[in-house]
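Please examine the sequence and the three-dimensional structure shown below before reading on. The paragraphs that follow treat a ligand and then some packed helices.

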Amino acid sequence: MKIAIAKEVEVGERRVALNPDIVARLVKQGLEIWVEVDAGEASFYSNDAYEAAGATIISDTAKLWGEADVLLKVGIPKDHEINQMREGSVLLSFLSPLAQPETVQHLAGRKITAFGMEMIPRTSRAQSMDALSSQAGVAGYKAVLIAAAALPKFFPMLTTAAGTIRPAKVFVMGAGVAGLQAIATARRLGAVVEAFDIRPAVKEEVQSLGAKFVEVKLDEDTVAAGGYAKEISEAAKQRTQEVVTEHVKNSDVVITTAQVPGKKAPLLVTEEMVAQMAPGSVIVDLAAEQGGNCAGTEPGKDVVRHGVTIIGPINLPSSMPVHASQMYAKNISTLLQYLIKDGELQLNFEDDIIDSTCITHGGEIRNQRVKDALTQVGATV
Ligand code: NAD
């Protein structure tokens with residue numbers, strides 16, 4: 001079976017689907033690995049390193065896409081890439097199937113069996129395949145470093161001959177995977193950290209990282225199936241705003257990470273809250289690409305409102321491509337190995353990991369939510 005790694009074509013994408021260490025492991029298991037020339041260049045993995053790991057470097061892109069049995073990628077495939085794949089071949093990649101259902105329709109039309117890395121169930125059995133978590137951890141870490149670099153103050157408390165410096169106050173809103181890593185990173189830098197989330201279950205995790213949990217008692221259920229947050233009512237939004245306003249106002253740095261699957265990101269920091277922060281304060285909005293948690297966030301830009309710098313970074317995992325790729329490689333190779341039994345691809349749709357991750361197979365779109373998204377835009381499915 002030929003497994004191919006394509007060079008990412010999205011502007012600004014520096015990650016690669018497999019690193020040479022994982023390639024060496026897969027080659028040892030008898031798989032043939034093709035790597036598009038320079039696929040690892042932006043992640044600092046050289047063609048030589050892949051060759052030394054046992055891969056074949058391919059410079060003919062059409063051959064790589066057209067002859068591989070399984071293609072591994074990070075970013076959503078482009079139409080010209082899908083057009084080169086042969087019927088019956090397999091793709092493992094992030095697909096953003098709900099945001100880009102047309103790509104899924106194209107994959108089904110070309111009879112590609114496509115697996116979406118964001119659809120891996122968040123269960124302990126699938127933990128080592130969980131690319132959303134590994135990449136969210138990178139984003140949470142980097143968000144704090146960006147905030148620290150933009151803040152005109154120290155993070156840690158310092159006692160010096162030139163006087164005592166008070167530690168920075170950091171408020172993390174949304175304590176999922178990214179938020180928890182942000183808390184841990186801000187603590188390591190010496191900040192005093194508070195965190196807030198509508199899921200009460202995270203309180204202990206927040207506290208175990210040395211942060212204070214800001215509790216908001218709500219009269220409604222905030223947790224949906226799978227442990228994800230639900231969209232909350234207007235009354236609950238108002239209640240949370242009343243409580244968090246004071247904490248935002250008193251913080252030097254606010255890191256927002258709140259998401260509700262399949263919905264626009266909730267607005268947590270209003271324009272009025274920004275106006276109450278001290279000039280020079282910094283907000284890093286990790287939900288910038290999903291509509292933003294903060295009023296005034298512009299994806300990919302730093303903007304200054306009321307003297308507060310609001311940063312809306314895009315694709316932070318790509319800014320740390322060595323480790324982001326290493327972790328993604330572990331996730332995607334674990335899924336790949338899970339699908340292969342006795343050298344053959346075996347799709348047992350009774351298995352929850354395979355069932356929820358496989359989006360297209362045999363010309364069909366297998367995921368009902370993607371079908372609904374397509375119907376909404378007037379497509380026939
Ligand atoms: P996410 O990226 O979907 O959301 C980030 C955080 O934002 C969540 O903690 C969510 O509760 C919070 N949030 C949503 N709306 C909010 C609001 N209005 N105000 C404040 N906070 C709000 O979350 P995630 O990091 O992907 O984690 C989602 C779930 O998956 C969690 O239950 C997590 O424990 C679980 N998970 C399980 C595993 C596993 O078992 N393998 C791995 C990762 C995550």
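The model is predicted, so local features need pLDDT of at least 70 and side-chain atom pairs count only at pLDDT 80 or more, while totals for chains, interfaces and linings use all residues. Residues are numbered from 1 along each chain as its sequence is written, and side-chain values use heavy atoms, with hydrogens and water left out.

The ligand is surrounded by 22 residues, each having a heavy atom within 4 Å of the ligand. The closest are Ser133, Val177, Asp197, Arg199 and Gly227. This shell comprises ten nonpolar, eight polar and four charged residues; here Ala, Val, Leu, Ile, Met, Phe, Trp, Tyr, Cys and Pro count as nonpolar, Asp, Glu, Lys and Arg as charged, and the others, Gly among them, as polar.

A backbone N or O atom of Val177 is 2.7 Å from a ligand oxygen, and one of Gln259 is 3.4 Å from a ligand oxygen. For Arg122, a side-chain N or O atom lies 3.0 Å from an oxygen atom of the ligand. Taken alone, the ligand exposes 830 Å², of which the protein buries 83%; these areas come from the Shrake-Rupley method with a 1.4 Å probe.

How are two packed helices described? The angle between their axes and the distance between the axes are used. Axes are lines fitted to C-alpha atoms over the stretch in contact, and angles run from 0 to 180 degrees between N-to-C directions. Helices are DSSP runs (H or I, at least four residues), numbered from the N terminus.

Helix H5 (residues 101-109) and helix H13 (residues 368-376) pack at about 110°, with axes 9 Å apart. H5 and H13 are therefore roughly perpendicular, a term for angles of 65 to 115 degrees.

Helix H6 (residues 131-150) and helix H11 (residues 321-339) cross at roughly 170°, their axes coming within 9 Å. H6 is thus roughly antiparallel to H11, the term for angles over 145 degrees.

Conventions:
A polar contact is a pair of N or O atoms within 3.5 Å; within protein, one must be able to donate a hydrogen and the other to accept it, and residues adjacent in sequence count only if both atoms are side-chain atoms. Helices (H or I, at least four residues) and strands (E, at least two) are DSSP runs, numbered from the N terminus. Angles under 35 degrees count as roughly parallel, over 145 as roughly antiparallel, 65 to 115 as roughly perpendicular and the rest as oblique.
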